[in-house]
Amino acid sequence: MALIDFFKKIEPDKKKSPFLHTLYDGFFTFAYTPDTVTSGKGVHIRDGMDLKRTMVFVVLAMQFCYLFGTFNIGHQHFVALGQHTGLLEGFHLKLVHGLIKLLPIFVVTHVVGLGIEFWYAARKGHAIEEGFLVSGALIPLIMPPDLPLWILAISVAFAVIVGKEAFGGTGMNILNIALLCRVFVFFAYPTEISGDQVWVSAVADGVANYGWWHTTVFNGFFESIGWSTFQPGSPVVDAFTGATPLGLAAAGGWEAVTDVYTTSQMWWGTIPGSIGESSKPLILVGVFILLSTGIASWRIMVSMFIGGAVMAMLLNIWGANPFMEVPWYYQFYMGSFLFAMAFMATDPVTAASTNRGKWVYGFFIGFVGMIIRVLNPAYPEGWMLAILFMNVFAPLIDHYVLQANISKRLKRA
Amino acid sequence: MITLALVAALFLLGVILQVADNMLRIEAKETGADKTGVNYSIFPNFGDMFSPKTPPFVGNAPYFHLKRGFDIPVEGVPHSEVEEAPRGNTFAIQPPNFIGMSPIPKMEVAVGDEVKAGDHLFFDKKRPAIHYVAPVSGEVISIDRGAKRSIARVDILADKEQKHRELPSFDEAEGSREDLVNFLLDTGAWTLIRQRPFDVVPEPTDQPKAIFVSTFDSAPLAPNLNLAVRGQEAAFQKGLDILNKLTEGTVHLGLDARGDEMPAAVYSEAQNVQLNWFNGPHPSGNVGVQIHHVDPINAGEKVWTLSVHDVLVIGRLFTEGRYNTSRVVALSGSEFKAPRYVRTYQGAKIGDLVKEELTDTKIRLISGDLLSGVQKNEEAFLDFYDDQVTSVEEGDHYDMFGWLVPSGIRPSVSRTYATNVIFSDTKIKVDTNTHGEKRAFVVTGQYEEVLPMDIYPQHLMKAIMANDFERMEGLGLYELTEEDLALCEFACTSKQPLQAILREGLEEMRLQG
């Protein structure tokens, strides 16, 4: 126990430096589960599950999305340039390019988000809560790879301060933090997160533009071992548009989509899009982890799928434009439905909190989201807005479920 | 043409069946027969078709298969042998055990007095009719005072030969209910009855809607109550007969249908009571859960509950003609060298019971079970209604990255511990570590998973915290006491003190009247 003695020795004084102590406490309880015992009245033994473990399982479930997302940033970049178009060709370049894009996003998200969390925890004098572990892991996955970091920093700060701390911290927020962060970018800086030009990184002006890391550090390294290198100034191929399947579908229906992307491309995720949402099988691995451990609500996932499918079928029947005629099952190949279902809708704090309420909540996310996606020309994808919309309605849904319970009890008397 | 006639005939038959079914149901509801849980519809219950088969010994009595709940597999289950020679030298009655009692009861004895078992010790100043009596005969050796001169404990050093107070006469055949109530008040047996809501000793003027006795305890390491009645069959049945005189309603007995073995015959063949069988994980043995399924408590209604031990004491008033608190107490938990049962009297000193029985680790002793008992030490005494001393190792140790890769197996309802899922029956050595820090409510739906009642515990807790009386009442506060929420508190990811919050709400409602 030498290490723990060292940790105990460096503990800062709580009164003299509350911020340092909060910080210390956060890291210490991360390294060691504390030695607190149950009180003398009430339960004497406690379940081995705590909030840290709950949160970390969600983060673990999205690790495959991180792996693939990183690689796909690079892959899409080189496909646009017409270089290394095979999936595994130029693997080292794609990976390095992905990391160069993703790591700053990840770091900025966490420095800003956790920094605010720590500061509020110190100010309020309570322990650091784990809520931002999941939000912080989700935010990079739902951003476009080229998002300027200062915009990211502002949106994370907005989401954490206005979305969470203003309501009292972890467990009290009404809106999903990660989505609030994204929606902030979406409305404040729409050109950075919509249209065809933002989903493929580093090709903004029609040529590949690289930074110091690419040209100096890694090109030098790759050259020295004889591997292929980044080629600054390479033009994009003529056929490149950068459009996502949803953009294509909105313009020309399923045929327009399949002209550019195959269904298996969409399924496996080698298409442009937000960083982590493109690969369906890897999201399904996450879904499996979340459901088999019982951490996320299967009720929300199932009902959201039903809601989306029902609306898509209704739109098929209506069939007034090519987008509506996209076969309902193909709607799930495009866009971020699965990612939103697995990681966003199931956030327990902002979802409905009763089991019956979860059915209604999930169903309407699917239903409303599909309406936004297909019928609203201004928004290419619907889940972000649908989930935030239903976040607001979740307390109302719960209210009616509880009222039913109450009136049932009254009637019984 | 023939097909059309066939379809019409089938349709007609369907309508007739449906109407008949509805009429049966309405009739069952009017007479109150549907409350017993028997399916009075002519169609089989959809749920019944898929639930496991009813055990054969249940017969036609109502049978409840509760699916939600959790059995925590804990090491230290007591062996089913009872050490019959009574243990213990010192016994105590502790006024704080009785919720709502005035903190300074009026003493009827002084230090140094000799008392017989059943002699009055003190009475509640708010309700002077209710006498609290000596569990054993002996000398009053001390009257301990707590904060603000409240009386915390009255200790009695027991005689070697137990002497019993001569009871007032009561004509069982002729006596009215009022006479019986007065008799129970005078003998002290009244204090053995607990009233729901609030878990308090009932008012002498009250009429309960029904009386419930659970004949099994499903909590982890709980005592086997079949052992408690062995050789006391007549007293138990007599106790039930007496309870029948106290209520216009029904006396309900909750029976254990969890195993393949039938419970003791005195339970399953009890007379003049309604038998209700319960199968399923803990808390199926909690009387509160049983009440919820058989005849739930509504606002303004009162239900009485008794433990098996208390029914025995009441029965013995008539079969033996004396107040005899002899009871079987379980010594359970991994820190006993040989967990087993001993015979003693009510309110025994814990040190007397556990002497030379414990291992050498740092131990917490509990009066009651692991989920809703109270921490004690060897100098302290078993609480009034408790029949169990539980030992558990103190868990005041750090665990490196314990939230991710714990150093030992921990009990958990969560499926994130693969070992708990695969080896779900393996007994685990538990300790008192909280395995994490207190947090705000984040995870939803987890309490409902372990509480087989139509109640939303998390919303009820929030209603209590917000002091929303109407909502507390509406969401079923009256149906719960601490032990019913104990498993939810165990499972709580946010480590919230649910039982303490619940009691806060109950107290507020009780004081509102």
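Contact here means heavy atoms within 4.5 Å of each other. This is a predicted model, where local features need pLDDT of at least 70, side-chain atom pairs count only at pLDDT 80 or more, and totals for chains, interfaces and linings use all residues. Residues are numbered from 1 along each chain as its sequence is written, and side-chain values use heavy atoms, without hydrogens or water.

**Exercise 1.** Find how many residues of chain B are in contact with chain A, and how much area the two chains bury.

*Solution.* Start with the contacts: 73 residues of chain B touch 64 residues of chain A. Next, take the buried area (the accessible area, with a 1.4 Å probe, that two parts lose on being put together, summed over both). The two chains bury about 5900 Å², 54% of it on carbon and sulfur atoms. Finally, look at chain B: Tyr398(B), Trp403(B) and Arg439(B) lose the most area to chain A, together 16% of what that side buries.

**Exercise 2.** Count the salt bridges between chain B and chain A, and locate the one formed by Glu479(B).

*Solution.* Apply the criterion, a side-chain nitrogen of Lys or Arg within 4 Å of a carboxyl oxygen of Asp or Glu. The count is six. Glu479(B) pairs with Arg409(A), with the closest N and O atoms 2.9 Å apart.

**Exercise 3.** Work out which strand of chain B pairs with strand S1 of chain A, and in which sense.

*Solution.* Strands are DSSP runs (E, at least two residues), numbered from the N terminus, and two of them pair if DSSP finds at least two bridges between them. S1 (residues 32–33) of chain A pairs with S20(B) in the antiparallel sense, over two bridges. Within this pairing, Thr33(A) stands opposite Asp399(B).

Methods:
Chains are lettered from A and ligands numbered from 1 in the order in which they are written. Helices (H or I, at least four residues) and strands (E, at least two) are DSSP runs, numbered from the N terminus.
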